[in-house]
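This briefing is meant to be read alongside the sequence and the model. Please have both at hand before turning to the points below.

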Amino acid sequence: MSTATTTEAQDLAPVRTESLAELLIAKERPPRPGALSTSLTFGWRAILKIKHVPEQLFDVTAFPIMMVLMYTYLFGGALAGSPREYIQYLLPGILVMSVVMITMYTGVSVNTDIEKGVFDRFRSLPIWRPSTLVGYLLGDALRYAMASAVMLTVGIIMGFRPDSALGVLGGVLLLLLFSFAFSWVWTMFGLLLRTEKSVMGVSMMVLFPLTFLSDIFVKPETMPGWLQAFVNNNPVTHVASAVRGLMAGDWPGADIAWSLGWAGLLVAVFGPVTMRLYNRK
């Protein structure tokens with residue numbers, strides 16, 4: 001290489017270095033993602049987990065079908081004279097029971113990610129802090145909708161006849177809203193307890209009294225007075241009665257108000273507690 005060429009290259013090197021530095025400095029950083037976009041991203045992650053592990057769909061397909069078949073044909077004749085008559089009362093309640101029962105898997109998923117160390121990586125990201133937890137809840141809301149669709153399809157095949165299509169839609173939306181709020185309870189336990197088995201154990205201890213001591217299977221009027229006091233003030237009873245009334249073409253304003261009130265109370269109480277645990281985890 002000639003001396004002139006070498007000299008020219010040396011003269012151009014600082015210029016190229018300076019241009020590259022100016023280019024890197026002048027380049028604008030991408031905007032910080034908003035709360036909605038990050039929450040939807042984590043919700044999509046929850047859906048992808050279902051795609052890669054389809055066995056997770058058993059609790060929203062096989063479990064609801066088993067519940068509606070078992071209770072209708074076991075108790076229908078004894079309680080209402082025939083399974084076809086009983087399913088008119090039972091199906092909205094079993095729908096509420098099945099969806100409320102599977103809300104505990106939100107806490108299980110959170111606890112599993114904590115054990116694997118994934119949560120530490122999420123917390124280091126420059127994003128809206130609650131978006132990780134909200135994403136879990138949004139992904140599970142899709143599972144609740146799938147469980148509702150499965151149960152309504154099976155119920156219609158078995159003879160369930162709602163009086164209002166809009167009432168069915170309104171009942172499902174009310175149930176999804178309540179389940180979304182109720183899932184914050186299990187998210188808190190997922191952060192608080194050490195293992196996913198502990199989360200499931202505590203969840204079942206809470207869910208069984210709430211679901212079975214309600215008006216899902218029979219009317220409270222047939223129960224002892226002391227038990228009626230609990231059943232009539234049970235949030236699951238309010239939701240089941242509201243969904244049942246909407247699907248029958250009525251407008252159960254009091255039960256709808258109670259259901260929305262319980263949902264707001266659950267978010268107001270367990271949302272801040274969950275976020276406090278998440279920030280201190």
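The structure is a predicted model. The protein has 12 helices and zero strands, and 43% of its 281 residues are buried. Three salt bridges are found in a search of the whole structure.

**Overall fold**

- Read from the N terminus on, the order of elements is α-α-α-α-α-α-α-α-α-α-α-α.
- Among contacts with a separation of 6 or more, 78% are between residues 24 or more positions apart.

**Contact of α11 with α12**

- Helix α11 spans residues 235–247 and helix α12 spans residues 253–280; their axes come within 8 Å and cross at roughly 135 degrees.
- The crossing in which α11 passes α12 is left-handed.
- On the α11 side, the contact is made by Pro 235, His 238, Val 239, Ser 241, Ala 242 and Leu 246.
- On the α12 side, the residues involved are Asp 255, Ile 256, Trp 258, Ser 259 and Trp 262.
- Sorted by class, the residues in this contact of α11 with α12 are seven nonpolar, three polar and one charged.

**Contact of α4 with α8**

- Helix α4 (residues 83–101) packs with helix α8 (residues 165–192) at an angle of about 30 degrees, and their axes are 10 Å apart.
- This angle makes α4 roughly parallel to α8, because angles under 35 degrees are placed in that class.
- The crossing in which α4 passes α8 is right-handed.
- From α4, Leu 95, Val 96, Val 99 and Val 100 meet Leu 175, Phe 178, Ser 179 and Phe 182 of α8.
- The contact of α4 with α8 has seven nonpolar residues, one polar residue and no charged residues.

**Salt bridges**

- Side chains of opposite charge can pair when their charged atoms come close.
- Arg 45 and Asp 113 form a salt bridge through their side chains, at 3.2 Å from N to O.
- Because Arg 45 lies in helix α2 (residues 35–52) and Asp 113 in helix α5 (residues 104–116), this pair ties together parts that are 68 residues apart in sequence.
- Arg 45 counts as partly exposed, with 23% relative accessibility, whereas Asp 113 counts as buried, with 3% relative accessibility.
- A salt bridge also joins the side chains of Asp 140 and Arg 143, at 3.3 Å from N to O.
- Asp 140 and Arg 143 are three residues apart in helix α7 (residues 131–158), so about one helical turn separates them.
- Asp 140 is buried at a relative accessible area of 7%, and Arg 143 is buried at 3%.
- Arg 244 and Asp 215 likewise meet in a salt bridge between side chains, at 3.2 Å from N to O.
- Since Arg 244 lies in helix α11 and Asp 215 in the loop between α9 (196–212) and α10 (225–232), the pair ties together parts that are 29 residues apart in sequence.
- Arg 244 counts as buried, with 13% relative accessibility, and Asp 215 is buried, with a relative accessible area of 4%.

**Surroundings of Asp 215 and Ser 241**

- Asp 215, in the loop between α9 and α10, touches Tyr 89, Pro 220, Val 231, Thr 237, Ala 240, Ser 241 and Arg 244, when residues up to four places away in sequence are not counted.
- One of these residues, Arg 244, is the salt-bridge partner of Asp 215.
- Ser 241 lies in helix α11 and is buried, at a relative accessible area of 17%, because buried means under 20%.
- With neighbours within four places in sequence left aside, Ser 241 is in contact with Asp 215, Pro 252 and Asp 255.
- Ser 241 and Ile 216 are 25 residues apart in sequence, and their C-alpha atoms are 8.2 Å apart in space.

Definitions and conventions:
Residues are numbered from 1 along each chain as its sequence is written. This is a predicted model: local features need pLDDT of at least 70, side-chain atom pairs count only at pLDDT 80 or more; totals for chains, interfaces and linings use all residues. Side-chain values use heavy atoms; hydrogens and water are left out. Axes are lines fitted to C-alpha atoms, for helices over the stretch in contact, and angles run from 0 to 180 degrees between N-to-C directions. Helices (H or I, at least four residues) and strands (E, at least two) are DSSP runs, numbered from the N terminus. A crossing is left-handed if the near helix is turned anticlockwise from the far one by less than a right angle, and right-handed if clockwise. Contact means heavy atoms within 4.5 Å. Ala, Val, Leu, Ile, Met, Phe, Trp, Tyr, Cys and Pro count as nonpolar, Asp, Glu, Lys and Arg as charged, and the others, Gly among them, as polar. A salt bridge is a side-chain nitrogen of Lys or Arg within 4 Å of a carboxyl oxygen of Asp or Glu. Buried means under 20% relative accessible area, exposed over 50%, partly exposed in between (1.4 Å probe, protein chains only). Angles under 35 degrees count as roughly parallel, over 145 as roughly antiparallel, 65 to 115 as roughly perpendicular and the rest as oblique.
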